[in-house]
Amino acid sequence: MSGDSSTTPTPAESSAVTPAVSVRGVYKVFGPKPGEAVRRLQAGASRDEVKNLGTAAVIDATFDVAPGEIFVVMGLSGSGKSTLIRMLNGLWTPSAGDVLLGDANLAKVDGKRLRELRRTRVSMVFQHFALLPHRTVLDNAAYPLEIQGVGKAERQEKAQQALDMVGLSGWQDSLPSQLSGGMRQRVGLA
């Protein structure tokens, strides 16, 4: 997840389309001296050479995601995937670099703007589904809209459309305990 975008433009930079997500020179170091660790990594030090300063979880990530593009982050266990995703949704702040969601730099927005961006521009599907066991499939899919204050009829209509899109037509009145693991994950996607 590293690269120098100054020599070769990414596909999103080559086109006239503004990236939905743009990550530039992002580092995340956990530990006592993240700033010093980043400076040394930028100067060419290895992960092992900075381990006394902190744990380098993400080193120089740079990429763009175009609107509507399916973008996959994959790697071995412990390679920094979850850390990167947590910076993309603003749960964690990078130690260095920029994470742009449209024109908003998540590392620099205030709390109010960050909450608004999370509510309207970023979604996350939890590995363990995060469904409310006492609510139906439809009510689970509609819950984010409920939090946003969307009226019941509108949120149920939108939730049903989302359930149809993920192949769960006919399951809207079921409880999560009545679904397979894959079906539960699709409720989370909806």
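I began with D60, which counts as partly exposed because its relative accessibility is 22%. The model I am reading is a predicted one. I placed D60 in strand β2, residues 55–65. Then I checked the backbone there. D60 is not a glycine, yet its phi is positive, about 55°. Most residues other than glycine have a negative phi. I marked D60 for its backbone angle.

**Strand β1**

Next I turned to β1, which spans residues 21–30. I looked up its cover. Of its 10 residues, 9 are buried, and I noted the strand as mostly covered. I then asked which strands it pairs with. β1 and β2 are antiparallel, with 7 bridges between them. V21 has V65 of β2 standing opposite.

**S22**

I stayed in β1 for S22. Is S22 buried or exposed? Its relative accessibility is 11%, under the 20% limit, so S22 counts as buried. I listed what S22 touches, leaving out residues up to four places away in sequence. The list reads F63, D64, D98, V99 and L100. One of these, D64, also came up in the polar contacts. The side chains of S22 and D64 make a polar contact at 2.7 Å.

**F30**

I moved on to F30, also in β1. F30 has 32% relative accessibility and therefore counts as partly exposed. F30 belongs to a nonpolar surface patch with I85, L91, W92 and M124. Together these residues have about 390 Å² of accessible area.

**F129**

My last stop was F129. Where does F129 lie? I found F129 in the loop between α4 (111–120) and α5 (137–147). F129 counts as partly exposed because its relative accessibility is 22%. I looked for contacts beyond four places in sequence. F129 touches G181, R184 and Q185. I also checked a C-alpha distance. F129 and G188 are 59 residues apart in sequence, but their C-alpha atoms are 5.8 Å apart in space.

**To keep in view**

Methods
Residues are numbered from 1 along each chain as its sequence is written. This is a predicted model: local features need pLDDT of at least 70, side-chain atom pairs count only at pLDDT 80 or more; totals for chains, interfaces and linings use all residues. Side-chain values use heavy atoms; hydrogens and water are left out. Helices (H or I, at least four residues) and strands (E, at least two) are DSSP runs, numbered from the N terminus. Buried means under 20% relative accessible area, exposed over 50%, partly exposed in between (1.4 Å probe, protein chains only). A polar contact is a pair of N or O atoms within 3.5 Å; within protein, one must be able to donate a hydrogen and the other to accept it, and residues adjacent in sequence count only if both atoms are side-chain atoms. Contact means heavy atoms within 4.5 Å. Patches are made of residues with over 30% relative accessible area and no salt bridge: like charges are joined within 9 Å, nonpolar side chains (Val, Leu, Ile, Met, Phe, Trp, Tyr) within 5 Å. Accessible areas come from the Shrake-Rupley method with a 1.4 Å probe; for residues, only the protein chains shown count as cover. A salt bridge is a side-chain nitrogen of Lys or Arg within 4 Å of a carboxyl oxygen of Asp or Glu. Two strands pair if DSSP finds at least two bridges between them.
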